[in-house]
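Biologist: Hi! Could you walk me through this one while I have it on screen?
Modeller: Happy to, let me put it up.

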Amino acid sequence: MSSAVVTRFAPSPTGYLHIGGARTALFNWLYARRFGGRMLLRIEDTDRERSTQGAIEAILDGLHWLGLDWDGDVVYQYARADRHREMAESLLASGHAYRCYATPEELTAMREAARAEGRPMRYDGRWRDRDPSEAPAGVKPVIRLRAPSEGETVVEDGVQGRVVWQNRDLDDLVLLRSDGNPTYMLAVVVDDHDMGVTQVIRGDDHLTNAARQSQIYQAFGWPVPAMAHIPLIHGADGAKLSKRHGALGVDAYRDLGYLPSALRNYLVRLGWSHGDQEIFSTQEMTEAFDLGAIGRSPARFDFAKLENLNGIYIRGAEDSALVEAIDRILPALGPSRGIASPMPAPLKAALTAAMPGLKERAKTLVELLDSAYYLTAARPLVLDDKAAALLTPEARARLAAVLPVLEAVAEWTAAATEAVVRQFAEANGLKLGQVAQPLRAALTGRTTSPPLFDVMAVLGREDSLGRLRDRI
């Protein structure tokens with residue numbers, strides 16, 4: 001395949017970049033990169049009442065965060081309305097379109113007749129061959145496509161296979177409304193043609209649009225781009241994706257503490273497979289991606305799988321990169337945790353030092369930050385219920401006994417503190433846990449934490465001994 005491949009991602013800015021849109025963008029991006037082509041970005045903002053600047057920014061931010069760059073400038077569909085009108089007029093001139101003067105009352109009657117007969121509403125073509133001189137006074141016409149009424153329209157779909165529509169079942173769709181505004185169907189075709197799009201990859205909710213858009217291409221005498229319609233994403237229970245399943249904006253996944261690399265890897269495996277491989281670097285997914293390996297049934301979104309995958313990516317990430325990622329989501333998280341944004345330098349240094357122990361168990365950046373509570377908490381620490389229950393009078397007496405031993409440690413390292421605590425336990429006929437667990441509770445306020453002696457090394461001598469004294 002030549003480098004002439006051009007894909008496009010064309011969201012409507014009526015809300016955030018949702019997870020299905022993010023996957024569509026990723027598939028377009030991978031296909032273009034695989035074949036050395038270009039992915040273009042078009043904002044389909046013709047719905048003026050629902051399109052917002054905030055939504056446009058959320059879409060651009062979401063793509064940037066996911067690492068999906070596009071080629072060239074963003075195209076705004078609404079700004080091209082004059083071009084769309086001009087092309088509707090050209091179809092009138094060539095006889096492939098006509099003016100329709102059907103009144104709203106006539107269209108309502110058609111709709112009600114269709115409903116009564118239990119069939120889909122189709123325009124009956126009453127102005128297809130009438131002379132405009134018969135037009136009723138005061139009715140502004142729409143421009144309709146003169147669609148073929150016999151034969152069939154075929155789409156050889158890259159995912160769905162060969163899809164066939166009988167032309168008698170497709171009516172003459174509106175290209176230009178009576179107020180002169182182009183319809184979505186016309187705008188998409190003209191934009192895709194003008195942008196040089198060779199491959200359309202989008203959700204299978206657009207499959208019927210593919211038939212209608214093919215007819216518009218043919219009326220213009222333009223080549224129809226290759227099409228691939230990917231199944232939608234469902235929840236783990238098989239129902240249509242809703243907020244409780246994870247139908248959130250990409251920005252919400254960022255604030256929930258997912259890494260963009262992990263989310264990208266998870267999305268590529270939603271409906272596409274490459275043998276049994278689960279973990280893909282960006283290069284691997286780019287080299288392996290093909291439309292033929294996309295399944296035809298809906299993919300299922302599974303939060304537990306995403307969390308596990310995110311945990312793998314966290315364990316493989318550089319410690320400093322994880323601290324930077326946490327710092328970026330602090331505006332969303334920090335206020336509830338009493339941490340300033342941007343993160344103070346001493347806390348950054350402590351968090352980086354603690355990261356090898358923290359990241360072994362965390363599945364999200366939020367969990368990472370919460371497990372680092374002991375670094376960010378003010379003294380005296382607020383103990384959670386389990387830690388408070390563990391610090392019995394007997395446990396506090398052990399802390400009082402081990403304190404002078406720790407005060408005498410010359411070089412404060414994980415190895416040195418571990419050695420003296422082990423010696424203390426043996427000398428007093430105790431198991432290591434009988435000393436280590438009260439130490440952990442006093443130092444972190446929790447009963448679970450990264451390895452205890454690593455915690456002591458990160459906290460340092462003064463803070464560690466001070467926290468023990470707070471509890472004795």
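Biologist: At what angle do helix α3 and helix α5 pack, and how far apart are their axes?
Modeller: This is a predicted model, and in it α3 (residues 81–94) and α5 (residues 184–194) pack at about 100 degrees. Their axes lie 10 Å apart. Angles from 65 to 115 degrees count as roughly perpendicular, so that is the word for α3 and α5.

Biologist: Which residues meet there?
Modeller: From α3 you have Arg 83, His 84, Met 87 and Ala 88. On the α5 side they meet Leu 186, Ala 187, Val 190, Asp 191 and Asp 194. By class, the residues of this contact divide into five nonpolar, one polar and three charged.

Biologist: Is α5 mostly covered or mostly open?
Modeller: Mostly covered, with eight of its 11 residues buried. The buried ones are Met 185, Leu 186, Ala 187, Val 188, Val 189, Val 190, Asp 191 and Asp 192.

Biologist: What do those buried residues pack against?
Modeller: Among the helices, they pack against α3 and α6 (207–220). The strands they pack against are β1 (6–9), β2 (38–43), β8 (174–176) and β9 (199–203).

Biologist: And which residue with a positive phi follows α5?
Modeller: That is Gly 196, with a phi near 75 degrees.

Biologist: Switching topic to pockets. What is the volume of the largest pocket?
Modeller: About 1,200 Å³. Its lining has 41 residues, and Pro 11, Ser 12, His 18, Asp 205 and His 206 are the ones nearest the centre.

Biologist: Which helix or strand gives the most to that lining?
Modeller: α1 does, with five residues. α1 covers residues 19–34, and β1, β9 and β11 (233–235) also supply at least two residues each.

Biologist: How does the pocket lining divide into nonpolar, polar and charged?
Modeller: The pocket lining has 17 nonpolar, 13 polar and 11 charged residues.

Biologist: Which residues line the largest cavity?
Modeller: Arg 23, Ile 230, Pro 231, Leu 232 and Gly 271 are part of the lining. Ile 294, Gly 295, Ser 297, Pro 298 and Ala 299 line the cavity too. By class, the cavity lining has six nonpolar, three polar and one charged residues; Arg counts as charged, so Arg 23 is that one.

Biologist: Great, thanks!

Notes
Residues are numbered from 1 along each chain as its sequence is written. This is a predicted model: local features need pLDDT of at least 70, side-chain atom pairs count only at pLDDT 80 or more; totals for chains, interfaces and linings use all residues. Side-chain values use heavy atoms; hydrogens and water are left out. On a 1 Å grid over the protein atoms alone, a cavity is a set of points where a 1.4 Å probe fits but cannot get out, and a pocket is an open set with protein on both sides within 12 Å along at least five of seven lines; lining residues have an atom within 4 Å of a point. Axes are lines fitted to C-alpha atoms, for helices over the stretch in contact, and angles run from 0 to 180 degrees between N-to-C directions. Helices (H or I, at least four residues) and strands (E, at least two) are DSSP runs, numbered from the N terminus. Angles under 35 degrees count as roughly parallel, over 145 as roughly antiparallel, 65 to 115 as roughly perpendicular and the rest as oblique. Contact means heavy atoms within 4.5 Å. Buried means under 20% relative accessible area, exposed over 50%, partly exposed in between (1.4 Å probe, protein chains only). Grid points are joined across faces, edges and corners, and a volume is the space filled by probe spheres set on the points.
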